[in-house]
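Dear colleague,

I am passing on a structure for you to look through, and my notes on what was found in it follow below. Please read them with the coordinates open beside you.

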Amino acid sequence: MMITIMSFVMLLFVACSESSSDPEPNSPPEEVSLAEQNILRAMELTDNAVSAHFTGTGMAMARYYNPFTGVRSDETGSVWMYTAAIEAVNAVLHGLQAHKEHGNAALYDEHFEKYAELLGQLYENADYYLGTFELVSYTQTKEWSVYGVNRGNAKGTANVAGIENVYDDQMWLVRELLESYKITGEAAYLEKAEYLTAYVLDGWDSTRNPDGTERGGITWGPGYVTKHACSNGPMVSPLVWLHEIYEGKSDEITYRYIDADDKQTRKTMQVNKSDYYADFAQKVYNWQKDRLLRSDGVYDDMRGGCSPGNPQTETVNGTEYRKGITCQDRVGPAISYNSGTMLSGAADLYRTTNDEVYLQDVKGLSDDSFQYFAKPDQSHEGYYSYDISGFNNWFNGVLMRGYVDVHPFYGAASEYIGTFQQNLDYGYDNFLHEGFLPTNLLVGWSLTDNNNRTEGMFNFAFAAEYAVLSRYELTK
């Protein structure tokens with residue numbers, strides 16, 4: 001009897017203790033702001049994508065993963081796909097920093113270090129894509145260690161000669177390295193970014209037209225002659241950022257160019273780094289705007305119809321150099337990220353120069369790109385659809401970031417940004433499966449499980465978009 005009474009007393013004590021600490025049954029749940037919801041979802045999607053797509057200490061990236069079957073592909077992602085993971089982690093880190101600056105230090109303290117460590121691991125294992133080759137360019141012959149399209153069997157052993165490396169892959173890495181430098185202050189990120197920038201700008205066609213002006217433009221890669229929007233536009237913003245990093249400092253860099261009078265003699269001069277990067281940002285931007293902007297206000301894909309039709313060299317004063325390339329044709333189609341990079345570039349150039357030309361470009365390209373790429377009520381009434389064929393899911397994320405970048409100067413971009421928030425939330429609220437979103441956010445998954453494999457770079461792109469939108473909500 002004594003045991004029964006004691007047991008009853010203890011049960012009564014526990015029950016009273018639990019009831020006193022629990023919220024009242026009808027009390028509303030604690031509200032989470034949209035900004036916090038976005039960063040939490042960004043981290044959730046990032047964590048699941050990392051777990052599903054990366055294996056081993058070398059972080060080999062499976063290109064595909066199917067959350068319905070749990071199968072990851074044997075095919076390894078390219079360096080571009082791998083960089084999408086770095087992009088997501090950078091975006092999360094910047095989002096956490098923004099939350100700290102706006103009063104949510106607890107969120108930052110709980111998560112920042114984890115993602116900073118992950119960022120370091122990603123860069124360390126990106127070296128599986130690294131390789132070395134010698135390149136004859138327009139102004140010099142030099143050995144470079146750059147990132148190949150495909151992963152090598154060991155660090156530093158990737159094949160990078162000829163068409164095995166492309167300039168746009170280096171550009172996206174430059175962009176992310178600078179984002180990493182801005183958020184962590186690690187000098188190694190800046191050093192690598194500047195090295196790859198030197199390689200990319202070595203690909204700028206500095207040969208002269210008959211009137212003495214530079215032909216300009218950067219080919220898709222050293223093994224190509226076509227000059228693409230994707231191998232020019234992505235470099236504008238990073239060049240502006242480098243200009244800002246060195247603004248007011250006396251650091252110098254070697255500028256290689258060709259004499260405008262005789263159009264042959266290769267020359268060098270020491271110039272201020274900040275000025276050098278600013279000048280190149282404007283040159284690259286102007287080249288793409290002049291050569292690839294269409295009458296409907298968006299950007300075409302490339303300049304084709306090139307002469308010579310394959311990479312060739314010529315001998316000038318006893319030294320071999322790459323021949324200049326003249327491309328006659330503007331070739332489509334218009335792809336969302338080519339307009340997105342120019343939106344970001346124009347916004348950055350306007351911020352640093354206050355030149356009204358860039359502001360007008362920002363406004364016109366924002367409106368024209370949304371009209372061209374966003375289709376109302378196509379997949380779901382009340383929502384805007386964007387093309388998701390091929391790699392467009394990632395391309396569209398670049399366009400969204402462009403709208404976010406121009407928003408401080410053009411408030412109407414908020415409407416365009418809102419369509420991405422709306423689509424992500426619809427996909428998350430209706431179709432999230434095992435921590436993954438479907439390729440089509442407005443339609444969902446296939447009824448056949450085996451058809452539901454997802455691109456790793458899309459999974460990271462959705463995470464990055466949520467993180468960028470989190471920061472946007474805090475700072476708009």
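Helices (H or I, at least four residues) and strands (E, at least two) are taken throughout as DSSP runs, numbered from the N terminus. This is a predicted model, in which local features need pLDDT of at least 70 and side-chain atom pairs count only at pLDDT 80 or more, while totals for chains, interfaces and linings use all residues. Residues are numbered from 1 along each chain as its sequence is written, and side-chain values use heavy atoms, with hydrogens and water left out.

I begin with the sheet around the disulfide. Two strands are said to pair if DSSP finds at least two bridges between them. By that criterion three strands form an open sheet with antiparallel pairing, in the order β7-β10-β13. The edges are taken by β7 and β13, each of which has a single partner strand, so one side of each is left without a neighbour in the sheet. Strand β7 (residues 227-228) is joined to β10 over two bridges, with Lys227 opposite Arg303. The pairing of β10 with β13 runs over five bridges; Gly304 stands opposite Asp329 there, and Ser307 has Thr326 as its bridge partner.

The structure holds one disulfide (a pair of cysteine sulfur atoms within 2.5 Å). It is formed by Cys306 and Cys327, whose sulfur atoms lie 2.1 Å apart, and the torsion about the S-S bond is about 105°, so the disulfide is right-handed. The pair links distant parts of the chain, since Cys306 belongs to strand β10 (residues 302-307) and Cys327 to strand β13 (residues 326-331), 21 residues apart. Both Cys306 and Cys327 are buried, where buried means under 20% relative accessible area, exposed over 50% and partly exposed in between, with a 1.4 Å probe and protein chains only. Cys230, by contrast, is in no disulfide, and the nearest cysteine sulfur, that of Cys306, is 13 Å away. Cys230 counts as buried, at 5% relative accessibility.

Several backbone features in the loops deserve a look. A cis peptide bond with omega of about 0° joins Ser307 and Pro308, and Pro308 is placed in the loop between β10 and β11. A cis peptide bond also joins Gly332 and Pro333, with omega of about 5°, and Pro333 lies in the loop between β13 and α9.

Strand β11 (residues 313-316) and strand β12 (residues 319-322) pair in the antiparallel sense over four bridges, and Glu314 stands opposite Tyr321. In their hairpin, which has two residues between the strands, Asn317 takes a positive phi near 50°. Asn317 counts as exposed, at 67% relative accessibility. Lys263, which is not a glycine, has a positive phi of about 60°; it sits in the loop between β8 (252-258) and β9 (266-272) and counts as partly exposed, at 31% relative accessibility.

Finally, the pocket. On a 1 Å grid over the protein atoms alone, a pocket is an open set of points where a 1.4 Å probe fits, with protein on both sides within 12 Å along at least five of seven lines, and lining residues have an atom within 4 Å of a point. The largest pocket has a volume of about 660 Å³, the volume being the space filled by probe spheres set on the points, which are joined across faces, edges and corners. Of the 25 residues that line it, the closest to its centre are Glu179, Arg401, Val404, Asp405 and Arg471. At least two lining residues come from each of α3 (79-101), α5 (167-184), α9 (336-353), α11 (392-406) and α13 (456-475), and α13 supplies the largest share, six residues.

With best regards
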